[in-house]
Amino acid sequence: KMALLAKKKQRQLLLSKINHTLRKRQGQLSVLLRNKRELDNTVLHLQSDRNEKGKLGAFVRFKGRLAWPVMGKVVANFGSRLYHSQLKRSGIFISAPAGKAVHAVASGKVIFAKWLMGYGQLLIISHGNGYMTLYGHNQNMFKGVGQNVQVGDTIATVGDSGGNEKSGLYFAIRHFQKALNPSLWCRRRR
């Protein structure tokens, strides 16, 4: 009878731990979903405020040839699921040491440079015709809204802003509202 009571208590402890883990994950997913909506709304607002035209197809011709914004290991891939949910990543996360330089992958104009929940210090560059690159979790940003940048310019430093546990760079490419896979746009790593 004692063994049965011990097993029942052990089972209750296990169920309690599982329920706690589920509540914690649901909370994390809810925060991630809110952050994603905030980013999507920010991008939509930025695009509706801009009528900037680049040379037709200028950014498109760089597909597969862009330099990486920072050297490091891609530890979260585009399209991967967050916490085993239906929510998918709309960018990549490149692990890199804090303070490492972040470079613009193409020329353009800074249209956003401030804190955004879940993405920390976020810098967005417009490349015309609806193309944008996004650089998040920065420690420092060296460019402000309205400034032009050239390919290769140092625009920020890697950090862990926005509640990240590890230092690294959130990097995304958008064409209007559509998220594009940065790994298909940047040069293959050797």
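Strand S1 (residues 73-76) and strand S2 (residues 92-95) run antiparallel and are joined by three bridges. Strands here are DSSP runs of E with at least two residues, numbered from the N terminus. Two strands pair if DSSP finds at least two bridges between them. This is a predicted model: local features need pLDDT of at least 70, side-chain atom pairs count only at pLDDT 80 or more, and totals for chains, interfaces and linings use all residues. Residues are numbered from 1 along each chain as its sequence is written, and side-chain values use heavy atoms, with hydrogens and water left out.

**Strand pairing**
- Val74 stands opposite Ile94 in S2.
- S2 also pairs with strand S9 (residues 168-175), antiparallel, over four bridges.
- Ser95 has Gly168 in S9 as its bridge partner.

**Leu123**
- Leu123 lies in strand S5 (residues 120-128).
- Its relative accessible area is 0%, so Leu123 counts as buried (under 20% relative accessible area, with a 1.4 Å probe and protein chains only).
- Beyond neighbours within four places in sequence, Leu123 is in contact (heavy atoms within 4.5 Å) with residues including Val110, Phe112, Leu134, Tyr135 and Ile155.
- Met141 is also among the contacts of Leu123. The two are 18 residues apart in sequence and 7.5 Å apart in space, C-alpha to C-alpha.

**Thr157**
- Thr157 sits in strand S8 (residues 154-158).
- Thr157 is buried, at a relative accessible area of 7%.
- Leaving out neighbours within four places in sequence, Thr157 touches Gly99, Lys100, Val102, Asn138, Gln139, Asn140 and Phe142.
- Asn138 is in contact with Thr157 and with Leu123.

Definitions and conventions. Buried means under 20% relative accessible area, exposed over 50%, partly exposed in between (1.4 Å probe, protein chains only).
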